[in-house]
Amino acid sequence: MAEYASSLSCVADKVAADSDLLTEILIRLPKNRNPDYAVQKQNRDPNYVVLNPTTKQFKILPKCHLSGLRGLTLAFDPSKSPHYKVVSVCICFRYTRSMLTYAVEYYHEIMTYSSETGSWKASGVSFAAEDREQYTSGVYCNGAVNWFSNWGKGDSVYYNVDEGRLGIIPLPPIPEGNDWHGQEFRHYWESRGHLHLVEINSQMYRVDVYEMERDYSGWFVKLSADLYALEIPRDPLYCLFGILCVVRMERDEESFLVLHVPDKILRYCFGDGTLEKICDLVVPQRSCSLIYSWFRSYQYIESLAGV
């Protein structure tokens with residue numbers, strides 16, 4: 001255990017020494033939904049806490065009257081307002097009667113907490129409960145919370161927080177010879193106000209980064225990476241790399257991917273197609289060699305905003 005802690009400390013020192021990385025890389029914060037805050041559930045108490053990791057200030061959210069909570073997403077843009085909102089998705093049910101029989105109908109309902117008022121408010125928005133898992137990983141971008149359907153179960157949806165409006169996220173153009181239905185959408189992020197979805201062709205070692213139009217009219221391929229000729233481990237049966245995040249810069253050629261390969265974290269630059277090692281990893285015994293690629297990554301920017 002001491003050796004493992006020492007290895008983690010070494011990795012942290014290397015990351016801390018790179019100021020560019022610290023300002024741009026997406027770090028892992030369990031249940032973090034926003035660049036500046038983390039929303040965490042206490043282990044032994046069904047309370048939820050909003051935490052600013054920079055100032056260590058936190059606030060316990062008041063109870064939401066709805067049960068069956070499926071996910072929380074923090075909606076905060078310090079360039080627009082010092083206040084934030086927390087968007088919750090709860091699963092509810094109602095009885096429907098048909099002739100002499102009763103049936104139970106499940107649906108999702110959205111509630112919003114405002115730091116300005118300190119209270120929860122019903123959005124009045126409800127929709128069919130098709131996929132119970134996708135709402136644990138919302139992504140806030142340009143005033144809307146985006147939820148992507150897992151394995152093509154049901155629609156991917158977005159909720160415009162200011163307008164209180166629900167919409168459908170269209171699927172990207174179908175890749176040649178493939179079908180989006182049944183594909184797991186785990187690789188989606190926000191960076192610099194752009195919503196991205198990443199398609200990985202594990203056989204060709206090709207990565208396409210799609211960007212959503214601001215009006216949700218459709219996706220287009222913004223960036224592509226050909227990793228086949230690079231020094232990345234290969235296996236005929238398994239894909240031996242994972243995408244941790246997409247980081248957009250002011251110039252597209254300076255944008256980069258953060259990749260997870262066995263024992264390492266790498267940076268791929270879209271401009272010149274080069275790989276650079278960020279750090280080495282020590283993976284716990286009996287764990288998947290790409291263990292960190294199974295967790296969500298979120299952008300972290302230091303902020304003195306209050307909670």
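**View A. The buried residue H196 in the predicted model.** H196 has a relative accessible area of 0% and is therefore classed as buried, the cut-off being under 20%. The model shown here, as in the other views, is predicted. H196 belongs to strand β14, which spans residues 194-201.

**View B. Surroundings of the H196 side chain.** A polar contact of 2.8 Å links the side chain of H196 to the side chain of R248. Leaving aside residues up to four places away in sequence, H196 touches H187, Y188, W189, S191, V209, Y210, E211, W219, V246 and R248.

**View C. The hairpin of strands β6 and β7.** Strand β6 covers residues 85-98 and strand β7 covers residues 101-114; the two pair in the antiparallel sense over 14 bridges. Within this pairing, T96 has A103 of β7 as its bridge partner. The hairpin has 2 residues between its strands, and M99, located in the turn, shows a positive phi of about 55 degrees. In a regular strand, side chains alternate between the two faces of the sheet.

**View D. The hairpin of strands β7 and β8.** Strand β7 also pairs with strand β8 (residues 119-128), in the antiparallel sense and over 7 bridges. S114 stands opposite S119 of β8. Here 4 residues lie between the strands of the hairpin, and G118 adopts a positive phi near 70 degrees.

Definitions and conventions
Residues numbered from 1 in each chain as written. Predicted model: local features only at pLDDT ≥ 70, side-chain atom pairs only at ≥ 80, totals over all residues. Heavy atoms only, no water. Pairing = 2+ DSSP bridges. Buried < 20%, exposed > 50% of the residue type's maximum accessible area, 1.4 Å probe, protein only. Polar contact = N/O pair within 3.5 Å; in protein donor to acceptor, adjacent residues only side chain to side chain. Contact = heavy atoms within 4.5 Å.
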